[in-house]
Amino acid sequence: MQFMKRFIPSVSRPSLPDRPALHAPPVLLVLCAVLLAITPPLSASKPNVLLIAIDDLNDWVGCLGGHPQTKTPNIDRLAKRGVLFTNAHCQAPICNPSRTSIMYGLRPSNSGIYDNQTPPWEIAALKKCVTLPRHFAANGYRTLTTGKIYHDSGMPKGDFDVIGPIPGQRLRQDARVIPETQAGARGLWDFGPQAYDETLFQDHADATWAIAQLNQPADQPFFLSIGFYRPHVPLYAPQRFFDEIPEDRILLPAVIKHDRNDLPAIVERIAVSRHSPSHDWFVKTGNWRKAVQAYLACIRFTDEQVGRLLDALDASPHAKTTMVVLYSDHGFFLGEKEHWAKQSLWERATRVPLIIAAPGYARGQSSPRPAELLSLYPTLIELCGLSENPHIDGISLVPLLKHPHAAWTQPAITTHYQNNHSVRTERHRYTRYTDGSEELYDHQTDPNEWTNLASLPEHTALKQELAAWLPKSNTPQAAMGKKGK
């Protein structure tokens with residue numbers, strides 16, 4: 001029924017040391033021997049981490065039910081091995097601030113990173129921050145990465161011990177499908193099948209490299225992160241995925257006329273992408289279905305790479321000692337609200353898939369509690385028994401990994417540029433912009449966010465309650481010094 005509303009039709013123990021020459025009390029020697037025998041080495045006591053990031057993936061995932069034609073059997077099977085957070089949200093609806101928030105453990109409103117042009121490692125105030133992989137390294141982990149974990153695949157110097165391929169969004173083998181026009185598809189905005197060898201696609205190559213790492217023995221725990229590019233534009237995937245879902249059978253997202261008439265004027269200034277074509281262009285040129293088909297094809301291709309990783313992990317010596325985390329950096333619009341890409345504080349841009357499968361915690365369950373990607377840093381610290389980092393934001397999700405329906409008061413907060421914030425609870429979304437204008441949606445009755453309730457006097461108390469969660473800090477946009485220093 002929901003679719004009808006949203007769419008148009010093991011490790012050895014260390015040997016005991018020789019008895020010391022010192023004349024220690026016999027009881028003490030026995031006690032030391034017992035402790036050595038029962039204390040496992042570091043690699044056995046701390047779990048490995050496999051962190052999987054997917055770019056621009058919204059809720060078009062089978063286990064989230066976001067689109068009836070999506071196909072994600074591998075992401076779905078991972079969900080059965082852990083906890084699926086059905087109400088998870090990013091901290092910013094564009095790549096750089098979202099990924100900075102995850103890896104540095106800071107809200108955009110505290111870091112001052114709001115755009116895609118400012119590398120956080122070039123900002124003086126952030127140079128002393130300990131990133132997530134560096135915190136793991138400081139706690140005895142070997143850190144490895146491939147693909148897109150930070151924006152543009154850049155990263156702080158020395159952030160990871162081992163770095164695999166990071167080729168970028170587009171490869172030399174790619175062939176443009178949609179001709180470039182000034183008012184239409186241009187730059188990265190292209191979509192359609194590609195005919196070259198599948199093993200040369202960057203996500204396939206990244207998965208292959210990560211699989212090789214999983215197949216190696218480890219004398220210390222590892223933190224392995226892999227960032228898949230698709231379904232980020234250009235929406236390229238092998239032809240066979242397009243053949244599975246013919247264009248003329250594609251179901252389009254539901255759009256209603258005048259949907260944005262009840263929105264504050266500021267929305268038209270900040271909820272836009274300077275690079276994506278307009279919705280009108282997609283409709284008039286007959287490219288809407290083509291783009292949706294390409295997005296769905298990319299999801300199927302990326303899901304296959306996730307499957308290859310999971311198969312390799314299961315066949316590796318690390319199968320029982322590795323937790324797996326999968327998330328997307330933000331969502332993506334494909335015409336809803338007559339909007340494309342992300343760059344907004346609406347549900348389709350903020351909501352993301354988030355799965356945490358950790359040995360010894362809940363399996364095959366979902367949690368409807370609001371969850372933030374910001375929580376990954378403190379959650380992994382707790383799960384792996386690492387030293388705390390007192391300088392990060394966010395709260396651990398471990399209580400929800402133990403009891404997915406546990407009492408939970410923390411909402412999810414998303415920020416889009418300075419002092420524009422959205423608060424998401426289990427039922428409502430409240431947004432306040434820098435000029436004081438507002439949006440309010442009741443997801444129980446309006447999952448598409450078609451009706452802005454902010455102007456109705458009967459919701460004044462609710463708005464005040466939700467506004468109490470708005471960030472008190474609104475750090476100005478971080479600025480780099482001369483030559484990016």
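Modeller: In S7, the residue paired by a bridge with Val-49 is Phe-223. Residues are numbered from 1 along each chain as its sequence is written. The model is predicted, with local features requiring pLDDT of at least 70, side-chain atom pairs counting only at pLDDT 80 or more, and totals for chains, interfaces and linings using all residues, while side-chain values use heavy atoms, with hydrogens and water left out.

The pair Val-49 and Phe-223 belongs to the sheet context in which strand S1 (residues 48–54) runs parallel to strand S7 (residues 222–228), joined by six bridges. Strands are DSSP runs of E with at least two residues, and helices are runs of H or I with at least four, both numbered from the N terminus. Two strands pair if DSSP finds at least two bridges between them.

The open sheet has eight strands in the order S5-S4-S7-S1-S9-S13-S2-S14, and its pairing is mixed. Strands S5 (162–163) and S14 (365–367) are at the edges, each with a single partner strand, so one side of each has no neighbour in the sheet.

S4 is parallel to S7 through six bridges, and Thr-146 stands opposite Ile-226 in S7. S4 is also parallel to S5, through two bridges; here Thr-145 stands opposite Ile-163 in S5.
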